[in-house]
Amino acid sequence: MNGRIDSGLGQIVIDTDVIATYAGSVAVECFGIVGMAAVSMKDGLVKLLRKDSLKHGISVTITEDNRIRLNFHVIVAYGVNISTIADNLVSNVKYKVEDFTGMEIEKINIYVEGVRAID
């Protein structure tokens, strides 16, 4: 389901891929996030996604009441507190995505799929 905003002149429809791409770009700017992760269901391997594939580590759901639910699959930096990373990610993504879309975020789930040393 796509996000919908009613303006005075009509309706604005926002595709979930647009939201995922923007949320991914916001996420990788956050301290402690190395990148988005893709999990292979076939063999269970996790791989770090390139910057142009950010939306593949995020799933976006639009609820019936037009609110956004985000699931992030991330790889975090070694030696940084995961709770601090998650708090930072949630606050940045919530603020920026709500400002970008004009829609409310209902829930953000973060799945830490791996840890990697920062180069």
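This is a predicted model: local features need pLDDT of at least 70, side-chain atom pairs count only at pLDDT 80 or more; totals for chains, interfaces and linings use all residues.

Biologist: Which strand is Ile105 in?
Modeller: Ile105 sits in strand β7.

Biologist: And what is Ile105 in contact with, leaving aside neighbours within four places in sequence?
Modeller: Ile68, Leu70, Val93, Lys94, Val97 and Glu98. Take Leu70: 35 residues separate it from Ile105 along the chain, and their C-alpha atoms are 8.0 Å apart.

Biologist: Okay, zooming out. How many helices and strands does the protein chain have?
Modeller: There are 2 helices and 7 strands. Starting at the N terminus, the order is β-β-α-β-β-β-β-α-β.

Biologist: How much of the protein chain counts as buried?
Modeller: The figure is 34% of its 119 residues. As for the surface, the accessible area is about 7200 Å², and carbon and sulfur atoms account for 51% of that.

Biologist: What about contacts between residues at least 6 apart in sequence: what share joins residues at least 24 apart?
Modeller: That share is 64% in the protein chain.

Biologist: Now the inside. How many residues are in the largest nonpolar core?
Modeller: It has 25 residues, and Ile19, Ile58, Val60, Ile68, Leu70, Phe72 and Val93 are the ones with the most contacts inside it. Two or more residues each come from α1, β3, β5, β6, α2 and β7.

Biologist: Which element gives the largest share of this core?
Modeller: That would be α1, with 6 residues. As a general point, nonpolar side chains in soluble globular proteins tend to be buried together.

Biologist: You listed Val60. What is Val60 in contact with, again leaving aside neighbours within four places in sequence?
Modeller: Val60 is in contact with Thr16, Ile19 and Ala20, and also with Ile68, Arg69 and Leu70.

Biologist: Let's stay with α1. Which of its residues are buried?
Modeller: Thr16, Ile19, Ala20, Ala23, Gly24, Val26, Ala27 and Val28 are buried there.

Biologist: What happens at the start of α1?
Modeller: A side-chain oxygen of Asp15 comes to within 2.8 Å of the backbone nitrogen of Asp17.

Biologist: Switching topic: how many aromatic pairs are in the whole structure?
Modeller: The search finds 1. In this pair, the ring centres of Tyr22 and Phe100 are 4.0 Å apart and their planes are at 15°, so the pair is stacked.

Biologist: Which parts does the pair tie together?
Modeller: Tyr22 is in helix α1 and Phe100 in helix α2, so the pair links parts 78 residues apart in sequence.

Biologist: And how accessible are Tyr22 and Phe100?
Modeller: Tyr22 has 25% relative accessibility and counts as partly exposed. Phe100, at 43%, also counts as partly exposed.

Biologist: Last one: which loop holds Asn66, and what is its phi?
Modeller: Asn66 is in the loop between β5 and β6. Its phi is positive, about 65°, although Asn66 is not a glycine. With 24% relative accessibility, Asn66 counts as partly exposed.

Biologist: Great, thanks for the tour!

Key: Residues are numbered from 1 along each chain as its sequence is written. Side-chain values use heavy atoms; hydrogens and water are left out. A nonpolar core is a set of buried Ala, Val, Leu, Ile, Met, Phe, Trp, Tyr and Cys residues joined through side-chain atoms within 4.5 Å. Buried means under 20% relative accessible area, exposed over 50%, partly exposed in between (1.4 Å probe, protein chains only). Helices (H or I, at least four residues) and strands (E, at least two) are DSSP runs, numbered from the N terminus. Contact means heavy atoms within 4.5 Å. A polar contact is a pair of N or O atoms within 3.5 Å; within protein, one must be able to donate a hydrogen and the other to accept it, and residues adjacent in sequence count only if both atoms are side-chain atoms. Accessible areas come from the Shrake-Rupley method with a 1.4 Å probe; for residues, only the protein chains shown count as cover. Rings of Phe, Tyr and Trp (its six-membered ring) pair if their centres lie within 6.5 Å; planes under 30 degrees apart count as stacked, over 60 as edge-to-face and the rest as tilted.
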